[in-house]
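Visitor: I am new to reading structures. Please walk me through this one.

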Amino acid sequence: MKHRLTRTAALGAAAALLLAGCSSAGGGSEAIAEDCVPAHDGIETIKPGVLTVAHYDYPPFAYMEEGEFVGIEGEIIAEIAKMECLDLELVQGDGSAMITSVQTGRADTTLGSWYRTKERSEVVRLSDPVVTSPLSVVSTTGVQTVDELTELDAVGAGQALVGVEEMQDLLGGKLKLYANNDAEFADFQAGRIDGAVLGLGAAVTLLELYPVEGATVEPLEADPRLSATVNVGQTNFPVGLDNDSLGDAINDDIAQLREDGTIAELAEKYGFPAEIADPGEPNLL
């Protein structure tokens, strides 16, 4: 079965997409089966029978491709909707609006490699970890350690990257900050920086899209000078602070999808190392 795609109201000026639950992500027109039995009763969502998900394209985690909602987290959230007999409504917007959309009740959850952080835990209820996205470096010298990172003449990082303040203290004037990953990687391609620090998923995707001869992606080895390499970033599906029914259901469904091998299979499908599918105990960055 395929999800159906229809236009609905949008967040801001962006379009939203409605995909039917109890099916796989895609562009078909089949609705929820009448005999669909949800894994959990009494789930509270903004719209009855619908899981509203704030969304922005962030490959390989969640993005639209040829009319289908794909990515490792995109497929996981589609499976959760299926398990709970919910239609999946994607409300598109800017990345900066995603957590706020959940906090203010305009979306039930969001996705796109949102780390579990102390700051976010104060405004939304964080789910159990979905996958990990280790802090990684794209370079032509195979940088794997913080010491090797400090030896580069110029290093790029996103302004919103977890741990960027520690990187500024460590690298000083060598660090160049960027508003988005595309701008950072464009400078790496052009040779204006010697290394690009990104989450693993973004690093893998950008290097595939924009190959650089001799460049590799290497997760940074654990080093207390960059705490994000010690407490590795864990992605999650946040919900409203008071929405225990949805939060508990999402946690149970994540556990089921991990146990039956679905998350590991999706990690392999999207080119991640297998270990990201086993994030360990929850942490807060």
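**Pockets and a sheet**

Guide: About 840 Å³ of space lies in the largest pocket. The model is predicted: local features need pLDDT of at least 70, side-chain atom pairs need 80 or more, and totals for chains, interfaces and linings use all residues. Residues are numbered from 1 along each chain as its sequence is written, and side-chain values use heavy atoms, without hydrogens and water.

Visitor: What counts as a pocket?

Guide: On a 1 Å grid over the protein atoms alone, a pocket is an open set of points where a 1.4 Å probe fits, with protein on both sides within 12 Å along at least five of seven lines; lining residues have an atom within 4 Å of a point. Points join across faces, edges and corners, and the volume is the space filled by probe spheres set on them.

Visitor: Which residues lie closest to the centre of the largest pocket?

Guide: Tyr56, Tyr58, Ala160, Asn180 and Asn181, out of 32 lining residues.

Visitor: And the second largest pocket?

Guide: Its volume is about 330 Å³. The lining has 14 residues, with Thr117, Glu119, Arg120, Ala160 and Val162 nearest the centre.

Visitor: How do strands form a sheet?

Guide: Strands pair through backbone hydrogen bonds, parallel or antiparallel. Here a strand is a DSSP run of E, at least two residues, numbered from the N terminus; a pair needs at least two DSSP bridges. In this model, 5 strands form an open sheet, ordered β10-β9-β11-β8-β12, with mixed pairing. The edge strands are β10 (175-178) and β12 (216-219). Strand β8 (135-139) pairs with β12 in the antiparallel sense over 4 bridges. Val137 stands opposite Glu218 in β12.
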